[in-house]
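The entries below are kept in the order in which I looked things up.

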Amino acid sequence: MRNTWAVCKREFVSYFITPVGYVVAGVFALISGIGFAASFIGYARATQSPSAYGYTGVPDFEETLLSPFLVFCGLLIMFIGPLVTMRLLAEEKNRGTAELLLTHPLRNREIVFGKYGAALGMLLVMMAVVSIQMAVVWYFVPHVEPAVLGFGVITVFLMGAAFLSMGLFVSSITRNQVTAGTATFGLWFVSYVLGSLSRDLPDAIALPENWSPWAVRAASFGYSIFRSLATELPLDVHAQEMAQGVLQPEDILYYVLFSAFWLFLTLRVLETRLWRA
Amino acid sequence: MIVLTGVTKYYGQIAAVEGVSFSVEAGEVIGFLGPNGAGKTTTLRILTGFTTASRGTAKIAGFDVNDHPIEVKRRVGYLPESVPLYREMIVRKFLGYVAEIKGLQGKKRVHEVGRVMERCGLSHMAGRTIGNLSKGYRQRVGLAQALIGNPPVLILDEPTVGLDPRQIVEIRDMIKNLAQEHTVLLSTHILPEVAMVCERVVIINRGHIVAEDSMANLAGVSGDKRVFDADILGDETAIRITLADVHGVRDVAVEAKGRYRITTDPDERMGVLLTTALVRANHGVENLRERTRTLEDVFIEAIGADEGDAA
């Protein structure tokens, strides 16, 4: 635990010795700020003359402002997250410092958790920005439950944490930071796009009539699994409801398990270094 | 303290080291010699747990490097060949981080960092960014991080490569001092370094060990003969006749005009016998000295024999 903390601290501090930390925090604050201002102004206009914007009554705050904005923040992390994760292990390998890291008395899990902890630290910095925005909402928008706003921040955090765990894994299998960053972004983006496309998937597929019954059953079973994966796996899907303050244990569990899965794989990658004998 | 038994490491089809076995007693300073690409770094990496052996076992202080990696790593200070460091960190912070990982807390940590910086002559560089230091100082930082926590075993992979002559002398002196309280495994291909620092030598070539002995045995007489070089004035035939009469002389060869190489029995009095005989026969002896093998001779012989075997 103490070692995990030491690794985490060193990694987190080095974000801010190099410009990476400032760039990530600054760009996140800038873009999320623009997004926040734009959606806040849009929401204000819509509440003043709902009919002009196609609403029948005062538009629902959570549904029209809060949730889309928070999911937007999560997706923003998708774009700048690779900057946070790409260096974590790839850079150690590239600079040779992995030889120190791996010959110091550290367990593999201490390395993985320490590195992930540092990335989560960067995420917390970004969440501080979102928290300020939520404070603005709480101050200006009447009848908003602070708990809903709090859940909102937690949602973005969970979504970001899931992204970062995947990024850490990619960083562990690459040696070059650019490769790591690009591959991470590609992976995230593809899963995001597939998620959007999967919303249009039909409930069942039409199969040729001359297929035998068991083939039909197997095919439709396969399709239903594919469909549930395609609709449930993408990271933003589970955030949409959560961001409106609808907190479901399975959504939280989804993010926790998602992160745990990639951390587990990263740990395995570190261990295979020793299998490759 | 360090025991390797039949260590073999394959990279794909190629064996980087094959059947390497040797051991180092506590308190010994061992020179680990070999030409570039002989498998030195691979062997050290297996010992430090950076990679594993395909076959064979490596133990440090009785702990197997595979089964008890943490116990082994606690007892080893390792200076990798390329001296990888976090270049963006300042010296004191970096050493503090290493001390933290090695389990030192609070005041102890500050004290230990101070101690190793003092020891490696880094105290006046404590606040400098590592990336801005010269190669020599970076090497010292690398050595300092290996020394933190005072591990009983030090494994140093080519610690003087790329330094200027003065820095080389400084680092060597530092290693010599360290040798008094640590078991040191020093890998290098610079032979005088070993001659100066080490008590025993292990020579590795193309992945296997070709020689292993104490410095004295390797560099000294091999036991079954003595070889002298002498500058002698006078007629060559007469000198040959004189020398051939001396009891114990086996062979006389002429190296250059007036310069002879005399091979004799391993008799202690050979020097006196040769001089007396030559002086009695009225040959002027300008210079008579015994030829001791330098480490270079040993090295080239061992490696030559190895490559000869393979050919």
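**Entry 1: the model.** I note at the outset that this is a predicted model.

**Entry 2: extent of the interface.** I looked up how many residues take part, and found 29 residues of chain A in contact with 29 residues of chain B. The size of an interface is often expressed as the accessible area lost when the parts come together. I then asked which three residues supply more than any other three of the area that chain A buries against chain B. They are A:Arg10, A:Glu99 and A:Pro105, with 25%.

Entry 3: I found a count of four salt bridges between chain A and chain B. I looked at the pair A:Arg95 and B:Glu88, whose side chains meet in a salt bridge at 3.1 Å, N to O.

**Entry 4: the side of chain A that touches chain B.** Which elements give two or more residues to this side? I listed helix 1 (2-17), helix 4 (90-95), helix 5 (98-101) and helix 11 (249-275) of chain A. Helix 1 of chain A provides the largest share, nine residues. By residue class, I recorded 12 nonpolar, seven polar and 10 charged on this side of chain A.

**Entry 5: a sheet in chain B.** I turned to an open sheet of four strands in chain B, in the order 12-13-11-14, with antiparallel pairing. Strand 12 (249-256) and strand 14 (284-290) of chain B each have a single partner strand, so one side of each is left without a neighbour in the sheet. Neighbouring strands of this sheet are turned by 25° against each other on average, direction ignored.

**Entry 6: one strand pair.** I examined strand 11 (residues 226-233) and strand 14 of chain B, which run antiparallel and are joined by six bridges. I also looked up the bridge partner of B:Asp231 in strand 14 of chain B, and found B:Asn287.

**Entry 7: helices on the sheet.** Helix 9 (residues 236-245) of chain B packs on the sheet and touches strand 11, strand 12 and strand 13 (259-264) of chain B. The direction of helix 9 makes about 155° with that of strand 12 of chain B. Helix 10 (residues 270-280) of chain B lies across strand 11, strand 12, strand 13 and strand 14 of chain B. I noted that helix 10 runs at about 20° to strand 11 of chain B.

Conventions:
Residues numbered from 1 in each chain as written. Chains lettered and ligands numbered in written order. Predicted model: local features only at pLDDT ≥ 70, side-chain atom pairs only at ≥ 80, totals over all residues. Heavy atoms only, no water. Contact = heavy atoms within 4.5 Å. Buried area = accessible area lost by both parts, 1.4 Å probe. Nonpolar A, V, L, I, M, F, W, Y, C, P; charged D, E, K, R; others polar. Pairing = 2+ DSSP bridges. Axes fitted to C-alpha atoms, helices over the stretch in contact; angles between N-to-C directions.
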